[in-house]
Amino acid sequence: MPMKRPPKEEVLGARLEPDARRAHLLAVGATVFGSKAYDEVQIDQIAKEAGVSRGLLYHYFPSKRAFFAAIIQGGYDEILEVTQPDPRLSPAEQLEAGLRAYLDYVESHPHMYRAIFRSAAGLEQTVQEVVNRNLDLQARRILAAFGDPSAPRSLTYLAVRAWLAFLIHAVLDWLDHGARGDRQKLFDICVGALRGAMVAAQQAGSR
């Protein structure tokens with residue numbers, strides 16, 4: 001069923017096609033949620049900054065939580081797209097290329113990154129499931145690049161998921177303290193941490 005267009009009078013800013021309007025609302029929402037805790041954000045504030053009415057925002061998203069979940073999923077879709085592995089590269093090259101693309105995304109979308117990994121942290125299971133589902137996909141990608149078919153709950157999978165948590169907190173700290181000049185050091189630490197975690201998991205599994 002096609003999406004019903006909102007009444008003209010509900011639009012306070014420039015008129016946009018539905019897909020463009022939705023994308024605009026998500027971008028504004030990511031900026032707001034990335035700079036404040038979830039409970040501090042008011043839908044009226046987002047609507048005002050987006051140049052639309054509250055009613056129009058609810059036309060696209062039925063609730064604040066649904067709006068936030070859409071922001072999280074949209075941001076993760078972008079991260080997964082830019083970090084898509086190139087099978088022509090060696091496993092080590094895929095890892096390094098993916099991490100560089102990941103850091104490029106973070107630098108270009110700091111508010112989105114904070115919204116995904118900080119604002120979502122204390123929310124209910126529905127939103128957490130969006131994050132966990134995508135972290136699982138990232139972990140499987142990394143394992144596949146190294147030719148490891150490890151199933152969830154295996155030691156190698158556990159090591160990679162733990163590394164993703166390390167990566168997230170390291171990147172958030174890097175963003176918060178403005179240490180952008182130390183990006184290469186951050187990159188080297190994260191690559192070394194993943195390699196160390198995988199080696200430790202393999203050694204533990206062979207005992």
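Helix α8 passes helix α9 in a right-handed crossing. The description that follows concerns a predicted model.

**The helix pair**

The axes of the two helices, α8 and α9, come within 9 Å and cross at roughly 160°. Because of this angle, α8 is roughly antiparallel to α9. By class, 18 nonpolar, two polar and one charged residues make up the contact of α8 with α9. On the α8 side, the residues that meet α9 include Leu155, Trp163, Phe166 and Trp174. Among their counterparts in α9 are Arg183, Leu186, Ile189 and Met198.

Leaving aside residues up to four places away in sequence, Arg183 touches Arg100, Leu103, Asp104, Glu107 and Trp174. With Arg100 there is also a polar approach: a polar atom of the Arg183 side chain lies 3.1 Å from the backbone oxygen of Arg100. Trp174 belongs to the α8 residues that meet α9.

Not counting residues up to four places away in sequence, Arg161 touches Asn132, Leu135, Asp136 and Ala139. The C-alpha atom of Arg161 is separated by 9.9 Å from that of Ala197, a residue 36 places apart from Arg161 along the chain. Ala197 is itself one of the α9 residues that α8 meets.

Key: Residues numbered from 1 in each chain as written. Predicted model: local features only at pLDDT ≥ 70, side-chain atom pairs only at ≥ 80, totals over all residues. Heavy atoms only, no water. Polar contact = N/O pair within 3.5 Å; in protein donor to acceptor, adjacent residues only side chain to side chain. Contact = heavy atoms within 4.5 Å. Axes fitted to C-alpha atoms, helices over the stretch in contact; angles between N-to-C directions. Helix = DSSP H or I, 4+ residues; strand = E, 2+ residues; numbered from the N terminus. Parallel < 35°, antiparallel > 145°, perpendicular 65-115°, else oblique. Left-handed = near helix turned anticlockwise from the far one by under 90°. Nonpolar A, V, L, I, M, F, W, Y, C, P; charged D, E, K, R; others polar.
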